[in-house]
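This report describes a pocket and a set of salt bridges. The sequence and structure are shown first.

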Amino acid sequence: MSRVDPISKPKQGKLGPLFKQAEAWMGFMPNDGLTMAHKPAVLTSFFDLAKAIYAEGKIDAGLKRMIGHISSKTSGCEYCSAHSAYGANEQGVAKEKLDQLWEYQTSTLFTDAEKAALNVALKGSMVPNQINDEDFKILKKYYDNEAMIEIVSVIAMFGFLNRWNSTLNTTIENAPETFYKSLNKK
């Protein structure tokens, strides 16, 4: 159970349109947003940031969610791990690939470009200064500056979300929780 109660009646009031959009986007009402709504400026600012990061760009939406999943599992955030795995699958990433996500370095299901991005996600989520020039030299083989900023943006956003949801013990919604439990988690 969440340590801070979510707001009730989220579709009413000035935040109503935002919650309707979030529900349409995600397929369910996000509990972290319902707690964030106690401080509306934080919620609206975060929502704008998430829209900018998840907007169509150089990095595929499924890869962005896999980056988020690596980041979240590394940080120990079950809420965000469930959300990012569910979101990756919703964006077309096969369950088989998500089952092998932690073997990305050796799995044939991942391209060299994905492996480079996931390596930066792993290191950047554990200890950011673990990333070295060689990691970025490899990343630059596959991605331009804009794409690399998208990758780092996902890692940074999940840094915030992982701390938010782990600290508040945010309750995972049914759809992401059910999908997450179905994964071969290592």
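## Pocket and salt bridges

The lining of the largest pocket comprises 27 residues, and W25, M26, P30, Y54 and H83 are those nearest its centre. The model is a predicted one, in which local features need pLDDT of at least 70 and side-chain atom pairs count only at pLDDT 80 or more, whereas totals for chains, interfaces and linings use all residues. Residues are numbered from 1 along each chain as its sequence is written, and side-chain values use heavy atoms, with hydrogens and water left out.

A pocket is here an open set of points on a 1 Å grid over the protein atoms alone, where a 1.4 Å probe fits and protein lies on both sides within 12 Å along at least five of seven lines; lining residues have an atom within 4 Å of a point. The largest pocket has a volume of about 510 Å³, a volume being the space filled by probe spheres set on the points, which are joined across faces, edges and corners.

Helices are DSSP runs of H or I with at least four residues, numbered from the N terminus. At least two lining residues come from each of α1 (16–26), α2 (31–36), α3 (40–54), α5 (78–90) and α9 (145–168). The largest share, seven residues, belongs to α5. By class, 19 lining residues are nonpolar, five polar and three charged. In this scheme Ala, Val, Leu, Ile, Met, Phe, Trp, Tyr, Cys and Pro are nonpolar, Asp, Glu, Lys and Arg are charged, and the others, Gly among them, are polar.

The structure also holds nine salt bridges, each defined by a side-chain nitrogen of Lys or Arg within 4 Å of a carboxyl oxygen of Asp or Glu. Three of them are tabulated.

| Salt bridge | Closest N to O distance |
|---|---|
| K58 with D144 | 2.3 Å |
| K64 with E150 | 3.3 Å |

K58 forms its salt bridge with D144. Because K58 lies in the loop between α3 and α4 (61–75) and D144 in the loop between α8 (133–139) and α9, this pair ties together parts 86 residues apart in sequence. Relative accessibility is 45% for K58, which is partly exposed, and 34% for D144, also partly exposed; this class lies between buried (under 20%) and exposed (over 50%), with a 1.4 Å probe and protein chains only.

K64 pairs with E150. The former lies in helix α4 and the latter in helix α9, so this contact ties together parts that are 86 residues apart in sequence. Both K64 and E150 are buried.

D135 is in helix α8 and K123 in helix α7 (residues 112–126), so the pair ties together parts 12 residues apart in sequence. D135 is buried, at 7% relative accessibility. Finally, salt bridges with shared partners join K58, D144 and E146 into one network.
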